[in-house]
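Here is a briefing on one structure.

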Amino acid sequence: MRMRAQVQPHAGGPAEQPWVTQAIQRQPQLANPTEGADLARTIVSIGLVGLLGLGLLLILGFSAVLLPAGPIVILLAAIPLLFIMLMVWWFDRWKPQPILLLVACLLWGAVASIIMTLVAQVIGITALALVGIDASGDVLGAVVFAPLFEESTKGVFLVVIVLAARKYFEGPLDGWVYGSLIGAGFAFTENLLYLSSSFEEAALGGLAMTFVMRGVMSPLLHSTFVICHGLSIGFAARRGQWWLVVLMWFPGLIAGMFLHALWNGTATIVGSLGLLGLVIMIGLSAIMSGFWLGSGLLLRRNESIHTRQSLGDYANAGWLTHGEVDMLGTWKGRRAGKRWANQYPGALPEMRRLIRKSADLASIRTRVLAGVGGEKERQVEKYELDQFVKIRTTMMRRVQQPQGFNPAMRR
């Protein structure tokens, strides 16, 4: 596959020395083939504003109905949400995804999927009632309807991302990040419902008990369910065409439904076992949470390996050296590069730009190898390689300028 998608050789040939000692000549500037995305960003922004508005109305509604406990309910529901957001940010540092897309995932889980789930459940229960089947029971709802409708409405947004923004969904770590945020958003709204119901039934005692059960003992469940979808799609995204990537949603969807049903079914069965049932649920939660954390760590490590492989293609074509691949493709190398650049005025910001650009190039290489975008993606690759060289040249000029020189004094 790499042979079929050769990189255009660098006009100047390979650099004889790494960028810590030598800059490469500036390349002719190409037209930016990524321009024209303003309309798409505007549409996404309008959609986010709408979802955010609905979410704020939901939160204000809980505050009004449950005053003075409303703010406490919201704060307790927000604690696990903030924890997951911080964890996702940490995992996403290697190749940060667009903020708009991350916010969209969060709002989809917190608002859109909740509304769609409620509507789907009403339609499903009504349809079954018309044929004489009573589906309003707690067991059937928890073990069948909840996994079926909730996982479908949460995970469908991952398919939307693949179809509308494939360039931002290139691998399993992307699916892990998006799925975690969708699940966290859904859990936040669901926690609002359960916490408010507990307060109405048992005041502060019920509120505290529900928070411990949902916010402390099992905060990662919905994120774990949805990352199954994201992993399945992400592994296919690196190789397959769009239709195959969409098709691969279903194995992940089924896996997420199974885990969801397993959790709800186990909770139903052991609910009357007292302390033993509680221990069983804590153990099951630990296993699922371990899968969430462990898969994230493994994928984070794999992403750096994948980056080095992709940048290696550019090194073979002469755009950068293999020493640069090691520097830009490892955490240790990135830290060392920033420490080195920090010795020279104005070089550190350029080094950070170089690191971000190298991550972008690795993503572009993935899309080229997968055949995503065709010739236009090859043009993007050429443009971004040119930008990489320009950033490196600017950084080396900062390094090579005399100490104490102030660019603002230049006329």
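α5 contributes the most to the lining of the largest pocket, with twelve residues. The model is predicted: local features need pLDDT of at least 70, side-chain atom pairs count only at pLDDT 80 or more, and totals for chains, interfaces and linings use all residues. Residues are numbered from 1 along each chain as its sequence is written, and side-chain values use heavy atoms, without hydrogens and water.

**Largest pocket**
- The largest pocket holds about 1,300 Å³ of space.
- It is lined by 46 residues, and Glu190, Tyr194, Arg214, Trp263 and Asn264 are the closest to its centre.
- Elements giving two or more residues to this lining are α3 (99–130), α4 (138–164), α5 (172–216), α6 (221–237), α8 (249–270) and α9 (275–316).
- The lining has 24 nonpolar, 18 polar and four charged residues. Asp, Glu, Lys and Arg count as charged.
- A pocket is an open set of points on a 1 Å grid where a 1.4 Å probe fits, with protein on both sides within 12 Å along at least five of seven lines; lining residues have an atom within 4 Å of a point.

**Annotated spans**
- An unreviewed UniProt entry lists "transmembrane region" for spans including 139–164 and 176–196. Such annotations may be inferred rather than shown by experiment.
- Residues 139–164 are 100% helix, with end C-alpha atoms 37 Å apart.
- Residues 176–196 are also 100% helix, and their end C-alpha atoms lie 30 Å apart.
- Helices are DSSP runs (H or I, at least four residues).

**Helix α6**
- α6 has 17 residues and spans 25 Å from first to last C-alpha, close to the 24 Å expected at 1.5 Å a residue. The expected span is 1.5 Å times one less than the number of residues.
- In α6, 16 of the 17 residues are buried (under 20% relative accessible area, 1.4 Å probe, protein chains only).

Technical notes. Points joined across faces, edges and corners; volume = space filled by probe spheres on them. Buried < 20%, exposed > 50% of the residue type's maximum accessible area, 1.4 Å probe, protein only.
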